[in-house]
Amino acid sequence: MTLATFLIQCLNALQYGLLLFLVASGLTLIFGIMGVINLAHGSFYMIGAYMAYALAPVVASTFDGGFFSTLAVGLVLAVLLGYVLEWAFFSFLYEREHLQQVLMTYGLILVFEELRSLIVGDDVHGVAPPEILAGTLPLGEMMTYPVYRLFISGVCLALALGMYFVFTRTRLGMMIRAGSTNREMVQSLGIDIKFLYRVVFAAGVAIAVLAGMVAAPVSSVYPGMGSTVLIICFVVVVIGGIGSIRGALVAALLIGFVDTFGKVFVPQAAGVLVYVLMALILLWKPDGLFKAG
Amino acid sequence: MRDDPVLLRGRDITRRWGGLVAVDKVSIDLERGKVHAVIGTNGAGKSTLINILSGEIAPSAGTVELLGQDVTAWTQPRRARAGLGRSYQRNTIYPTFTVFENCRLAAQASAQRPWRWWSAADRCPISVPAAHAAARRAGLEPLLQRPAGLLSHGQKRQLEIAMCLATAPQVLLLDEPLAGMGAEETDRMLALLAELKTGHAILLVEHDMDAVFRIADRITVMVNGSVIACDTPQAVRTSPAVQSAYLGGH
Amino acid sequence: MNADRGKFLFVALCFVGLALYPLVAGKFGVDLVTKIMVYAVFALSLELLVGSTGLVCFGQAAFFGIGAYATVLLSPPADPAALAWLLPLCMLAAAAYALVVGALSLRTKGVYFIMVTLAFAQMAYYVVHDTPLGGGTDGIYLNAKPVLGSLMDLGKPLVLYGFTLACLALTFGFLALLLRSRFGRALAGIKANEQRMRATGFSTYPYKLAAFTISGGIAGLSGFLFAVKDGFVNPELLSWHLSGAVLIMIILGGLGHLRGALIGAFAFALLQEFFQSEAIFGAFAKHWLLGLGLTIIASVALLPRGLVGVMGQLRERLVGGKGSKESVDA
C-alpha cells in the first residue's frame, strides 16, 4: 500500500474511532455516574441520524436554514428528549438491579425502533454534507481526502476536549465526579442530586444524538444502525474499563484502527476482528484496561 | 501431623495500596486452644490483616502458613478447604434459605461431589449430619426450619458462626462476631467461643473491649497498620504505649 | 409441603395437556405448540443460568443458533441424517462454544458479564453472517429431516411434536434433579452470595463454567429442534434480539422457577400472536414490536416476580402484609 493510501486509512480509522468514543463516552458516563446500564443508548445515535435526514427539509422551509441550523435544532430537541426521558423513565431505574435495567431499556429500544418506523419509515437514506464541507483536500500527488470526514474528527475532538474541560475545571464537573462516588454526601451538601443526574443524562443523550447527526452523511441512515453502534460501544466499554473516559478513548481508537485496517487486509473476517481483540484483552485484563475515573 | 500448637502463622505481612501502607510488617501466631484478639482503632489495618490471612487479598510482602504449609499463594476457597474458617462483620448468611440449609450448604464444602447430579442434596450423608452438629453447637437447633432472613440479629450472628463450624475448620478467623449484640446475646456468644477454644485456634477482631478482655488469651494491638503490642491481656491493659495510643487512659 | 405438591401437579398437568393436545388441534395448532415447546427448552437453558445461578447472559442465541446451524451443516445434503449421532453432536457443538465463551466471560463481573456475553454472541453472528460457512444472509435449507432408523421420522409433524415434547419433559426433569442436587444447591449459593461460598471453600469458577456449558448444550438442543422443525436456518437465529426474547420469556414467567420458563415461553408466544394479529391491530400489526416493548417495560415495572408470582402478589395485596417465604424450588 502506498503512503497516501496508508494515510487515508489512518485518517478513516481516527475518524471512526473518535466517533465511537463520543457515543461510548455517553454510555460509560451514564453507567459510571448513575449506575444505569442503558441499552437504548444506540437508539439515540439512530435518532440523531434520522433527525439529520428528516429535519433538514423542515429547517430549510421554516427559516431557510442549512446543515448547521439542523444540527442546532437537533441538539436542542435532543437535550429536551434527554431531560424528559430521565424524568419520566430513567429516574426509576437508578435503584433497580442490572437485569431489570437491561430489560426495561431493551423494551425502550423496541419502542424507539417502531416509533421511528411509524414516523419516518424503514428506508435507507443518504444525507448530503453541507456545501462548505463537501469538498476534498489533496493528499500527496494523486489522492484526495473528503473534508467532511476531517470535520467529523474535528467535532469529536472538540467535544472530547470540552468534556475534559468541564469535568476537570468546572464546578459542575466536580459535583458530577463527587456525585458518582458518594451520592449521600453530595446531597447533604445541598446539591440537588436529581437535577445533577438529569443534566448528566441529557448531556449523554445529546452527545449520542449529535454523533448520529454528524455521522449521517458518512454512514448513511438505516434502521439497524442503533443496534450496531450499541454493541460496538459495549466492546469499547469492556476493553476500556467501565466508567473510565480515558479508557473509552483508548479503546475506541484501538477498535477504529483494528476495524479499518482489518477491512483492508482481511475483508472477510472484518466483522469478527473487533471481538477477537476483545477476547484477547479479556484474557489479559478481565476488568478492562483502565479503572473508573 | 506435627505437634506444633501454632496452627496459623503470619510473618511480616505487609500490604500497600499505592503510597498508603495499610499493614506494616505484622506477624501473628494462632495457637490451638487459644483465643488471640486483634484490637485497634478504625483504619488500623485489622480488616486488611484478616482479609490477607483468609486469602481474599494478596499481601504485598510476607507469608502466611497454615498447619505447617505455606499458603500465601493459595486462594481463599483452597485455604477454607484446608481448615481455615472465616466469619464476617456484616452478615453473610443466605437470607432466603432455612437455617438448616445455610449450615448444610456450608458443610457441603468439605464433600462437594458435584458430579452426582441425580442424588438429592437433602439426603447427603455427610453434609446433613454435619449441619445438625454445627447448628446444635451454635445453639440453633430449635430454629432449623426458619428462613435465615427472619432471625433476630443475634441469632444471625450465631448462624454466621455455625456456618463457620460446619466445615470442621481448625482455625477460625472471626471478624467482629459481637457486632450489634445486646448484653445477653454477647454472653451467649462468649460462652460459645470459650467452648470452641478447645481444638481450635481462634483469631478475634473486636471492638467490644470488655468482651475482649474476658475471653482473649493473647491480644495484639494495631495502630496505623503496625503492631504496637502483642501480649497477655493484663500486660496490654497496663502497657503505657497502648494506653496512650488507643485505650485513652482506661 | 402443600405448595410443593401444588407445583408438581401444575407441571404434571401441563405435560399431560401437551400430550393430549394433538388430539384436538389441527395442523396449525400442532405447528404452533411445537414452536412454543422449542422456545420452552430454550428458556429452560437460560433459566439455569439466570434464575438458578444469577448469571445474566445476554448471548444465549449464539448457542441456539450454533445448534441449529450444526444440524443443517452436519446433515448429508440429500438424505436424512441419523438422529442418534446428529443430536448429540449438535448439542456438543453448542456446548463447546459455551465452554469457550464462559471461560473468558466468567472472569468478568456484574454488568461487564452482560456486555461480554452479548459481544461474543455477536461474534458468532458475524461469523455466520459474513463468512461462506453460514451461507450468508440467505441461510441454508435442511433438505431431509433426521430419522431414528425406521422408528421415527422427524419429518412427520406429529412425530416431531411428540419428540419435542419428550425433549422438553426430559430437559425439565433433568434440571429439576440437577437443581436439588449438591451441584444445584451450590449454584443457588453462588447466586445468593458468591463471596460466602468462596469463604466456605467452594471454588466458584468451575461451578459457574459447568452451569454455563450445560446451559449452552441445552440451548443447542433447542436449536436442533428448531432447525428440524423449520427446515431452514439463517443468521437471525443468532441475533441478539433472540437473546433478548428468551430473557424476556423467563422474566415474564418468573425467575428462579423452572415452571416459569414454561409459562414464559407460552406467554411470550401468545403475546407475539396477539400483537401480530391483523384482526385486532389492523395496520399496526407489523409494528408488533412496539406492543412487545411496552409490555416488557410494564411487566418489569409491575410484575417483579413474573407470572409465577402473580398469585402471591395478589394475595399480598388483598390480605396485606408479607406473604410466605420464598423457597428454593423447581
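Let's start at a bend: helix H8(A) has a kink of about 30° at A:Met213, shortly before the proline A:Pro217. The bend here is the angle between axes fitted to the seven residues ending at a residue and the seven starting there, and helices are DSSP runs of H or I with at least four residues, numbered from the N terminus, while strands are runs of E with at least two. Keep in mind that this is a predicted model, in which local features need pLDDT of at least 70, side-chain atom pairs count only at pLDDT 80 or more, and totals for chains, interfaces and linings use all residues. Residues are numbered from 1 along each chain as its sequence is written, with chains lettered from A and ligands numbered from 1 in the order in which they are written.

H8(A) has 27 residues and spans 37 Å from first C-alpha to last, close to the expected 39 Å (1.5 Å times one less than the number of residues). Of those 27 residues, 20 are buried, meaning that 20 or more other C-beta atoms, placed from the backbone, lie within 10 Å of their own.

Now follow the nonpolar core, a set of buried Ala, Val, Leu, Ile, Met, Phe, Trp, Tyr and Cys residues joined through C-beta atoms within 7 Å. The largest has 280 residues, and A:Val235, A:Val236 and C:Ala119 touch the most other members. Helix H8 of chain A gives the most to this core, with 17 residues.

Over in chain B, there are nine helices and 10 strands, and 44% of the 250 residues are buried.

Methods:
A residue is buried if 20 or more other C-beta atoms lie within 10 Å of its own, exposed if 12 or fewer, and partly exposed in between; C-beta atoms are placed from the backbone.
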